[in-house]
Amino acid sequence: MTALHPVVDGVTQRIRERSAATRSAYLQGVDALRQRAPGPDRLGCANVAHAFAALPKDERFKVVAQKAPNLGIVTAYNDMLSAHQPYEGYPALIRETALKLGATAQVAGAVPAMCDGVTQGYPGMELSLFSRDTIAMSTAIALSHDVFDAVLLLGICDKIVPGLLIGALHFGHLPCVFVPAGPMASGLSNGDKAKVREKAAQGLVGRDELMQAEQAAYHSPGTCTFYGTANSNQMLLEAMGLHVPGSAFIHPHDPLRKALTQEAVSTVLSLTRQQRDLPIGHLVDERCIVNAMIALLATGGSTNHLIHWIAVARSAGILIDWGDFSELSGVIPLLSRVYPNGAADVNHFQAAGGPAFVLRELRENGLLHAHVGTVAAGGIAAYGQKPVLDDGVLRWEDLPAQSGDDSVVRTVSAPFSATGGLKLLTGNVGRSVIKVSAVPEERHIVEAPAIVFDSQEALQTAFKAGELERDFIAVVRFQGPQANGMPELHKLTPPLAVLQGKGFKVALVTDGRMSGASGKVPAAIHVSPEALAGGLLAKVRTGDMVRLDAVAGTLEALVQAAEWDARPLAQRDAALADSHAHGLGRELFAGLRRNVSTAETGACSWL
């Protein structure tokens, strides 16, 4: 195995030094809680009786008299999200498995789980980013009963996994294992779906044909099959060692799925004091966070994680920023192409080798921290193997040396690209990020006049009116976390893709998000500070020449310095501000909008 790459080592050491004080304070808190007696011995008799009143009498005896481990289950189940519908039967299976292993299990609580696919382009999407912190708080409420020896976390999708992880890290004294449920089977390909969306944007097909295509793509229980934020979550959890190895992309109704869920119960019990004593607060250290960052870059994963994993790291006392991602991106090769970075979906990715192939390649070539704690006893090497059922017995086996399909997954020696799929852009407009893994190289530099919009609806209206048939850079401002909760602007992809397809040079610059589904249109996103908070994006005017250069890593309004310095910041229209603050529950999130930090510091509402 190759020695650790010096850039990976250097970035990790810089993070360790930067985080010394905050990480030390975090671990002191974790270790103080680890020293306490178990809940049934520590709490008052009435408290204990309340905690276990609903358990059958023999199970109460196990917990209280026999000191059996008690597992808390925090679930994001609802039967509206296709990805989370399979969780309906998990608590019963977990309880049954725990009993066979001499433990008990209780559903500690549920967390909200919204679907960005349903709310895309509508007011509900303005609650999406803040749902992450709400999920973290809900996780804390579930675990606040303080009677658990370990935790199983049931969640998959965009904000749900980061929220569960943030919440769990605030209970860092407890061992935790994430339990996925797997993707839906492949339906209409993501590429064909995108073509129908682009035709609909041009008015070439009607609602009936568009609806038929969408339902053929999203058709059954399981995670959506493109490599967006939800599936990036699963890749990162594998890289962090927080799953049973290889469990990310097994279908919900595959017999292997049930066996892996049962193994998660056994695994989390193995982490308790009686055995390995590995709480999540110690497991998630700076090396673990760097491994997640590397896995994201190596697979061209979701841009949302340049916000979420900063917040996750902060929850463990670890301070990372976009500069760390950018430096790592310079040495991490792109090893997979999964839609929107290629034609394959996650099922094709899994069949070609999946997370195990990528993680093995990274580890063996010195591009991943090899000596880290994981929930699996075999360490990170175990995540380079694939699980199989052999006559009903779960075991792991090595993967072939070569990819099952080198149009989907490749080795470090023959990558799709020598560098990762995400880049930092800096300049007089602010700091932003761009996902270049799906953008054609000839589009990595765009210089064109700006057209400024204060909402995504305004851009769509201009497109439908035929006003955008030219080279331009769309500047969509007042979309940051303080303004309106930083919604994903994914509905801008079809019109901009149509214009790019017609040969126009187009790009997007925004303080909003574009999600893991951002595609072939160059998009400088998460511009920070945001326009509403005094960010210089609010100085850009329609007609200004703007240069987005993903090669040099710059984003500049080409305006004379004296004029730029003297130019006032645009103010958000009062009617627009009012519309962002009211209706469909947005009033309830006013405090989060007031208190939220910048995108580059994780858009955290609790700091």
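**Exercise 1. Find how many aromatic pairs the whole structure holds, and work out how Phe-130 and Phe-589 are arranged**.

Step 1. Searching the whole structure turns up four aromatic pairs. Rings of Phe, Tyr and Trp (its six-membered ring) pair if their centres lie within 6.5 Å; planes under 30 degrees apart are stacked, over 60 edge-to-face, and the rest tilted.

Step 2. Phe-130 and Phe-589 sit 6.5 Å centre to centre with 20 degrees between the planes, so this pair is stacked.

Step 3. Now place the two rings. Phe-130 belongs to helix α8 (residues 128-143), while Phe-589 is in the loop between α24 (574-581) and α25 (590-595), 459 residues apart. Helices (H or I, at least four residues) and strands (E, at least two) are DSSP runs, numbered from the N terminus.

Step 4. Check burial. Buried means under 20% relative accessible area, exposed over 50%, partly exposed in between (1.4 Å probe, protein chains only). Phe-130 is buried because its relative accessibility is 0%, and Phe-589 is buried too, at 15%.

A word on the source: this is a predicted model, where local features need pLDDT of at least 70 and side-chain atom pairs count only at pLDDT 80 or more, while totals for chains, interfaces and linings use all residues. Residues are numbered from 1 along each chain as its sequence is written, and side-chain values use heavy atoms, leaving out hydrogens and water.

**Exercise 2. Decide whether Met-80 is buried or exposed**.

Step 1. Look in the loop between β1 (70-75) and α6 (90-100); Met-80 is there.

Step 2. Its relative accessible area is 62%, so Met-80 is exposed.

**Exercise 3. Work out which strands pair with β12, and in which sense**.

Step 1. Strands pair if DSSP finds at least two bridges between them.

Step 2. Strand β8 (residues 430-435) runs antiparallel to β12, over two bridges; here Arg-431 stands opposite Ser-528.

Step 3. Strand β11 (residues 506-510) pairs with β12 in the parallel sense, again over two bridges, and Leu-508 has Ala-523 as its bridge partner.

Step 4. As for cover, six of the six residues in β12 (523-528) are buried.

**Exercise 4. Describe the largest nonpolar core**.

Step 1. A nonpolar core is a set of buried Ala, Val, Leu, Ile, Met, Phe, Trp, Tyr and Cys residues joined through side-chain atoms within 4.5 Å.

Step 2. The largest one has 157 residues, and Leu-152, Leu-242, Val-284 and Ile-289 have the most contacts inside it. Helix α15 (residues 286-299) gives the most to this core: ten residues.

Step 3. Another core, of 23 residues, lies apart from it and includes Ile-434 and Val-527.
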